[in-house]
Structures are given as structure tokens and as C-alpha cells.
Amino acid sequence: MNTVRIIRYVAWAAVVVLLGVIGYVSFAPMLGLKETITNQGVASIGGPFTLVDASTGETVTEADFKGKPSAYFFGFTFCPDVCPTTLAETQRWLQELGPDADKINFAFVTVDPERDTAEVLRDYVGVFDKRIHPLTGSREQIDEIIRNYRVYARKVPLDDGDYTMDHSAAVYLMKPDNTFFGTIAYGENPENAMAKLRRLIDTAG
């Protein structure tokens with residue numbers, strides 16, 4: 001009888017571990033974790049994209065951000081709290097960095113291109129700081145960068161027929177060669193966030 005119980009406990013433990021791994025893989029991007037697990041090990045975060053910089057109307061790719069570190073946040077202009085809060089924090093980071101702020105590319109990438117036209121996005125992001133690149137594009141282009149950066153984004157219908165967006169709340173930090181450096185979590189301690197940004201600047205040599 002004890003042997004049977006032990007076998008059952010081992011089986012249940014295996015199931016719990018498996019569910020934990022599945023949950024980690026599913027929700028790691030949402031939580032802003034540094035690494036995403038796949039069957040092959042740690043998946044890369046980042047990759048090619050083609051978008052429109054709403055502040056200039058020009059097409060940009062990942063190559064335009066290469067050469068110095070970058071900080072990307074994925075959100076939308078109808079966001080009630082997370083996005084404006086993160087943009088306000090980004091504005092403060094830029095101010096605290098002083099001249100060093102020019103050593104990092106800051107970008108706000110919409111996950112809701114249907115509503116976030118270039119004009120809407122430009123005006124929204126410009127209220128916070130014009131040094132933040134407002135990036136939009138077609139649904140296909142946005143889906144590409146969301147996929148490459150392992151971003152969680154999902155349309156959620158509302159009772160009134162409208163919709164909102166669930167999305168990752170972390171800021172993605174990329175080194176000058178466009179490889180992944182880490183994240184700044186939503187609501188992270190300001191001193192920790194600034195320390196990460198300064199370490200990110202140091203990756204430029």
C-alpha cells in the first residue's frame with residue numbers, strides 16, 4: 001500500500017512540474033522574464049521588423065536602431081493605466097539620464113494598429129517626450145515584431161461592443177547589436193530601472 005501511494009505521489013509531482021513548465025513558457029513574455037524556454041532551450045528575443053515611425057512618417061527597420069542600445073515598450077493609446085504610467089516613467093528616465101539619454105533608442109510600439117494610426121500615435125507619445133519613437137504599421141507588421149520579441153498581446157472584447165488589449169507590461173532592453181539584454185518590469189523600483197539603463201549604455205563600449 002505504501003509503495004502504491006509513493007508511486008501516486010511521484011506521478012502527481014511529475015504532473016505538477018510539467019504544468020509549471022507549460023505555464024512558464026506561456027506567460028514568461030507577459031511577466032517580462034529574461035529568458036523564454038522552448039523545446040530547443042532558451043529562445044532568442046528580438047529580430048527583424050519593418051514599421052513606420054509616426055513622428056516622421058518614415059519606414060524604419062531594426063537596422064535603424066542598430067549601433068546603440070534600445071528600449072522598447074509595447075502598448076496602445078487606449079490603454080487606461082499601464083501605458084501612460086510606463087511612458088511617464090520613460091519620460092523621467094530620459095530626464096534623469098541627462099545627456100546620456102541620447103545613447104539609447106526609446107520606442108513605443110503599438111499592439112493596436114487598427115486604432116493607433118500614425119497621427120494618433122504621434123500625438124499620444126509626443127505628449128510625454130518627443131525622443132520616444134512612436135512605431136506603428138500594418139497588422140501583419142505589428143504581428144511580426146510581437147512574434148519576434150515574444151510579446152504577449154490579445155484583443156479582449158468589451159460588453160459595449162468595443163475592445164481593449166491585454167499585453168506585456170515590461171520594457172524590453174536590447175544591446176547595440178539588437179540582441180536581448182533584459183527587461184524593466186512594470187512598476188519596478190526606480191533605482192533598479194536606472195541601474196539597468198546605465199548598464200545597458202555600457203554595452204555600447
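Start at Arg-150: just after H4, this residue takes a positive phi of about 55 degrees. Helices (H or I, at least four residues) and strands (E, at least two) are DSSP runs, numbered from the N terminus. This is a predicted model, in which local features need pLDDT of at least 70 and side-chain atom pairs count only at pLDDT 80 or more, while totals for chains, interfaces and linings use all residues. Residues are numbered from 1 along each chain as its sequence is written, and side-chain values use heavy atoms, with hydrogens and water left out.

**Stop 1: Arg-150 and helix H4**

Keep Arg-150 selected. It sits in the loop between helix H4 (139–148) and strand E8 (153–157). Arg-150 is partly exposed, at 27% relative accessible area. Here buried means under 20% relative accessible area, exposed over 50%, and partly exposed in between (1.4 Å probe, protein chains only).

Now select H4. Its buried residues are Ile-142, Ile-145, Ile-146 and Asn-148. They pack against strand E3 (50–53), E5, E6, E7 and E8. Contact throughout means heavy atoms within 4.5 Å.

Zoom in on Asn-148, which belongs to H4. Asn-148 is buried, with a relative accessible area of 15%. Leave out residues up to four places away in sequence, and Asn-148 touches Ser-44, Ile-45, Gly-46, Gly-47 and Pro-48. Draw a distance from Asn-148 to Ile-45: their C-alpha atoms are separated by 6.2 Å, though the two are 103 residues apart along the chain.

**Stop 2: Asn-178**

Next, select Asn-178. Its phi is near 70 degrees, a positive value in a residue other than glycine. Asn-178 lies in the loop between strand E10 (171–174) and strand E11 (180–184). Is Asn-178 buried or exposed? It is buried, with a relative accessible area of 14%.

**Stop 3: Thr-110 in strand E6**

Move to Thr-110, in strand E6. Its relative accessibility is 0%, and it counts as buried. Thr-110 touches Gly-75, Phe-76, Asp-116, Leu-121, Leu-135, Thr-136 and Ile-142, not counting residues up to four places away in sequence. Pick out Thr-136 from that list. The C-alpha atoms of Thr-110 and Thr-136 are separated by 5.7 Å, and the residues are 26 apart along the chain.

**Stop 4: helix H3**

Select residues 118–126, helix H3, where Leu-121, Tyr-124 and Val-125 are buried. Look down the axis of H3: its buried residues fall within an arc of 90 degrees, so they line one face of the helix. The arc is that of the directions from the helix axis to the C-beta atoms. What do the buried residues of H3 pack against? They pack against H2, E6 and strand E7 (132–136).

**Stop 5**

Show Phe-108 with its contacts. Neighbours within four places in sequence aside, Phe-108 is in contact with Phe-73, Gly-75, Phe-76, Cys-83, Leu-87, Leu-121, Tyr-124, Val-125, Ile-132, His-133, Pro-134 and Leu-135.

Widen the view to the largest nonpolar core, which has 51 residues. Such a core is a set of buried Ala, Val, Leu, Ile, Met, Phe, Trp, Tyr and Cys residues joined through side-chain atoms within 4.5 Å. Those with the most contacts inside it are Tyr-72, Phe-74, Phe-106, Phe-108, Tyr-149 and Leu-197. H2 gives the most to this core, with six residues.

**Stop 6: the cavity**

The structure holds one cavity of 30 Å³ or more. A cavity is a set of points, on a 1 Å grid over the protein atoms alone, where a 1.4 Å probe fits but cannot get out; lining residues have an atom within 4 Å of a point. Grid points are joined across faces, edges and corners, and a volume is the space filled by probe spheres set on the points.

How much space lies in the largest cavity? About 60 Å³. Select its lining: Ala-71, Tyr-72, Phe-73, Leu-87, Thr-90, Phe-106, Ala-107, Phe-108, Ile-132 and Val-171. Strand E5 (70–75), helix H2 (82–97) and strand E6 (105–110) are the elements that give two or more residues to this lining. By class, the lining has nine nonpolar, one polar and no charged residues.

**Last stop: the whole chain**

Zoom out. The protein chain has five helices and eleven strands. Of its 205 residues, 42% are buried. Among contacts with a separation of 6 or more, 69% join residues 24 or more positions apart.

Methods: On a 1 Å grid over the protein atoms alone, a cavity is a set of points where a 1.4 Å probe fits but cannot get out, and a pocket is an open set with protein on both sides within 12 Å along at least five of seven lines; lining residues have an atom within 4 Å of a point. Ala, Val, Leu, Ile, Met, Phe, Trp, Tyr, Cys and Pro count as nonpolar, Asp, Glu, Lys and Arg as charged, and the others, Gly among them, as polar.
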